[in-house]
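Here are my notes after a pass through the model, in numbered points. Have a look at the coordinates first, then read on.

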Amino acid sequence: MIVKSKESWLKSVISFVTEPLFEAERERKDHLESENSGGLDWEVAGVLVLVAIVLTLQEYLLRPAEHAWLLHWLERGFSGIINAETWMSPENYSFGFLLYWACGQTLLYVVPPIIFIRFVCKKSLGDYGVKLKGVFSLWWMYILMLAVMLPIVIVASRSEGFQATYPFFEPLPNEPLWPRFWIWEVAYFLQFVGLEFFFRGFLLHGIRRRFGAYAIFVMMVPYCMIHFGKPMPETFAAIVAGIILGFMSLKTRSIWMGAALHVTVALAMDTCALWRAGKFF
């Protein structure tokens, strides 16, 4: 009886993992065998090219020099409302630049893909993971991932590399967390929602019909690369997280629990960093 129970449990686990992968492979096969699959798949090519364009724009437009140019441009257009010198001062620069970076990231992650999906492909955003149906079907797996991740974050927060990196916006000495820190956190969280839509929604589901289950691993490569410059353990963890979150999006066809997980872990990382620095409690 025990042996049968173990075999049944093992079969359930294998089925849980392989079912969405096999389904994606069946979709790929059906697409390739369809009458419309001949020649270049312009939609998939467009998704991949747009991903490269967005990541390139993020790299070159969301820099300090471009932030300074935008401030001076706004100052000329809204004289008396925007003061570039004030925003460039030492006490405001970090806050202003990080808001510029986070809002720029979010807009680039979200706006070009939505334009491509709605006006080029003429499809619903629900086809790319932006739907609530089925979002809680595997809630237990996200709870399990949190149970694994949070202790790792707490331990990692002891390291100098972690404390030197997080939080991105660190309040000034004796500065309360409200309002600037929490304003930054909201912008930071929205950036993660955009990130999940871009990688686990637009990219993953945009190429799924052509790559099948391998779309997870295609998506994982640029997702890992955007972590370059962060502590090496975090970048290696992004490989694992990219695969797991990609699998979950493939199985549920929704990005929202992945976004919730990302936001929760990010909040835990910033909270632990402030706690270690004696600025939170």
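**Notes on the model**

1. Start with a backbone contact: a polar atom in the side chain of Asp41 lies 3.2 Å from the backbone nitrogen of Val44. The Asp41 side chain also makes a polar contact of 3.2 Å with the side chain of His31. A polar contact here is a pair of N or O atoms within 3.5 Å; within protein, one must be able to donate a hydrogen and the other to accept it, and residues adjacent in sequence count only if both atoms are side-chain atoms. Asp41 sits in the loop between α1 (2–33) and α2 (42–61), and at 10% relative accessibility it counts as buried. (Buried is under 20% relative accessible area, exposed over 50%, partly exposed in between, with a 1.4 Å probe and protein chains only.)

2. Some housekeeping: this is a predicted model, where local features need pLDDT of at least 70 and side-chain atom pairs count only at pLDDT 80 or more, while totals for chains, interfaces and linings use all residues. Residues are numbered from 1 along each chain as its sequence is written, and side-chain values use heavy atoms, with hydrogens and water left out.

3. The overall picture is 11 helices and 0 strands. Helices (H or I, at least four residues) and strands (E, at least two) are DSSP runs, numbered from the N terminus. The C-alpha atoms fill a box of roughly 65 × 50 × 30 Å along the principal axes, and buried residues make up 43% of the 281 residues.

4. Now the aromatics. Rings of Phe, Tyr and Trp (its six-membered ring) pair if their centres lie within 6.5 Å; planes under 30 degrees apart count as stacked, over 60 as edge-to-face and the rest as tilted. That rule gives 21 aromatic pairs. Take Trp101 and Trp184: their ring centres are 6.4 Å apart with planes at 40 degrees, so the pair is tilted. This pair links distant parts of the chain, with Trp101 in helix α5 (residues 90–120) and Trp184 in helix α8 (residues 180–211), 83 residues apart. Both Trp101 and Trp184 are buried.

5. Which way do the rings of Trp184 and Tyr188 pair? Their centres are 4.9 Å apart and their planes at 15 degrees, so this pair is stacked. Trp184 and Tyr188 are 4 residues apart in helix α8, separated by about one helical turn. Ring pairs join Trp101, Phe162, Tyr166, Phe168, Trp184, Tyr188 and Phe192 into a cluster.

6. Backbone geometry deserves a check, given that most residues other than glycine have a negative phi, and most peptide bonds are trans. A cis peptide bond joins Tyr166 and Pro167, with omega about -10 degrees, and another cis bond joins Trp178 and Pro179, with omega about 10 degrees. Pro167 is in the loop between α7 (160–165) and α8, and Pro179 also lies in the loop between α7 and α8.

7. Where does Asn174 sit? It is in the loop between α7 and α8, with phi near 70 degrees, a positive value in a residue other than glycine. At 85% relative accessibility, Asn174 counts as exposed. Arg253 has a positive phi too, near 60 degrees, but at 17% relative accessibility it counts as buried. Arg253 lies in the loop between α10 (232–252) and α11 (256–276).
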